[in-house]
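Please examine the sequence and the structure shown below.

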Amino acid sequence: MTSVQQVNPGVLGIREPSKLQSLAACITREIREGAKKPFKKVIDISSGDPHKAGMAPVSFIRQVLAVCLYPELLEDKSLPLDVRQRAETLLGACGGRSVGSYSTSCCGLPLVRKSIAEFITRRDGGVRSHLEDIILSSGSQATLFMVLHLMASGEGRTQTGVLTPVPCPHTLPALLEMSRVKQVPYHLMEDQGWAVDLNEMQQALKASRGHCKPRAIYISNPGNPTGHVQVRETMEEVIRFAAAEGLVLLAEEVNQDSVFGHDKQFLSYKKVLSEMGKEFSETVELVSFHSLSSACIGECGLRGGYLEVINMEPEVTKYLSSMQGTSSPPVLPQLALQLMVNPPTPGELSYQTYSQEILHIQTTLSQNAQRAHEFLNALPGMTCQPAMAGVFLFPRLHLPTLMIEEAKILGVKADVLYCQKLLEEEGVCLGAGWENGREDQNYHIRLCVLAPPDTLDEVLARLRTFHLRLLSRFP
């Protein structure tokens, strides 16, 4: 390949990232090499990666995985008996009793898929889940990419379109572009805590006619990055809309373990669909996604996730199942998924420690979200909706006109420029709202609040110093 003209046009169409992560890495390297900065280290809370922010991993998961990686530890009596027993069970599900073997199925290890199906059945109050409907892959993004790749077709007016919320997960726009699928944005209602609005969906669908062929709706519940938790009535409206328009529902439910809002609870789209009568429960196609990147587990770098298909034609499911035929999902994250959906139970030696660690994570998240929300709303030129779940806050920036004009001259989005200046001057890396699909003049920043409280306090202090200095610089 000798020139850019030979690059796949689909790759050329993928949006270029904001480069904030690479800038953070560059500044960190400069500090290590002795460069003088007004801060000692860079704090990166731009992504939902609690371990990177300093949160400790869950002991039970790491202990079991350690034994699976080094089976000689099965004889180590310093480890709890249930840890060693679980590792023994998981190793028995691996080819050659080794995590270094290929997965025994291109859809994932049967033991893990069975555990996930049992977890979903418990979660949804007895609504049956079946092993055959579960497909494992290397993270929720990989499973979503499989589904998008499956349905992608056409060009121009016949190109597959997917209705996507704005704001959406910051990885979604690029994923759609990689899949050659057209994004059909519907705006969430910021003044209503980022609620889903059916009229917005209908208008987005109508506006897309003649430009693409919409085939699916993407839903994030609890919302990423908004923290909004959908109520049953809204979910039923979305399901009826999908049924009326013949759209597949793609439900990203990764933050289901992190609901902390008062009187809020997570309901899966599968459960709500199952309770709407056969007209819907037996006809509406639904694909749901979950992964190790959930708040309480936070094993983002292991890249493990799964999808469950509902009401998909068996012939179509067969093609979806075969898409990993040449590259089966990695084994270690599958084992971590089994531990996530099947944690220690009362009476087991690890149960008390596990429960205490999960409670600590949930308490830290809830208290941090409340504290950060109040702090951000107290800053001039910033407003923030309260989060009810998830690991992000997504405050709105009311930026000075002169700064917006400066950003235009530099050829960058104003919220990207804000984050760049914050990173360079105070060593804090936040996400720019532009990455979450916002293309209008409403500017936002994204910050993960699942971090040690002292780390979050330092981030907020640095942010306040920078923000007030910025406002004084642009009166």
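## Arg469 and its partners

Arg469 touches Glu425 and Glu426, with residues up to four places away in sequence left out of account; contact here means heavy atoms within 4.5 Å. The model is a predicted one, in which local features need pLDDT of at least 70 and side-chain atom pairs count only at pLDDT 80 or more, while totals for chains, interfaces and linings use all residues. Residues are numbered from 1 along each chain as its sequence is written, and side-chain values use heavy atoms, with hydrogens and water left out.

Arg469 is found in helix H18; helices (H or I, at least four residues) and strands (E, at least two) are DSSP runs, numbered from the N terminus. The side chains of Arg469 and Glu425 are joined by a polar contact of 2.9 Å. A polar contact is a pair of N or O atoms within 3.5 Å; within protein, one must be able to donate a hydrogen and the other to accept it, and residues adjacent in sequence count only if both atoms are side-chain atoms. With a relative accessible area of 28%, Arg469 is partly exposed. Buried means under 20% relative accessible area, exposed means over 50%, and partly exposed lies in between (1.4 Å probe, protein chains only). From Arg469 to Gln362 the separation is 107 residues in sequence and 34 Å in space, C-alpha to C-alpha.

## Salt bridges

Side chains of opposite charge can pair when their charged atoms come close. A salt bridge is a side-chain nitrogen of Lys or Arg within 4 Å of a carboxyl oxygen of Asp or Glu. By this rule the count is 21 salt bridges. Three of these pairs are set out in the table.

| Pair | N to O distance |
|---|---|
| Arg396 and Glu190 | 4.0 Å |
| Arg209 and Glu245 | 3.2 Å |
| Asp457 and Arg371 | 3.0 Å |

Strands of a sheet pair through backbone hydrogen bonds, either parallel or antiparallel. The model contains an open sheet of 7 strands in the order E2-E8-E7-E6-E5-E3-E4, with mixed pairing; two strands pair if DSSP finds at least two bridges between them. Its edge strands, E2 (134-137) and E4 (182-187), each pair on one side only. From one strand to the next, the twist averages 25°.

Which strand is largely enclosed by the rest of the structure? It is E7, because 6 of its 6 residues are buried. Leu286, Ser288 and His290 point one way from E7, while Val287, Phe289 and Ser291 point the other way. E7 pairs with E6 in the parallel sense over 4 bridges, and Phe289 in E7 is the bridge partner of Glu252. E7 and E8 pair in the antiparallel sense over 6 bridges, with Leu286 opposite Ile310 in E8. E8 (residues 305-310) also pairs with E2, in the antiparallel sense over 4 bridges; here Ile134 stands opposite Glu308 in E8.

## The nonpolar cores

A nonpolar core is a set of buried Ala, Val, Leu, Ile, Met, Phe, Trp, Tyr and Cys residues joined through side-chain atoms within 4.5 Å. The largest has 90 residues, of which Leu335, Leu376, Tyr418 and Leu430 touch the most other members. Helix H14 (residues 331-341) gives the most to this core, with 8 residues. Apart from this core lies another, of 30 residues, among them Met201, Ala204, Cys212 and Tyr269.

Methods
Axes are lines fitted to C-alpha atoms, for helices over the stretch in contact, and angles run from 0 to 180 degrees between N-to-C directions.
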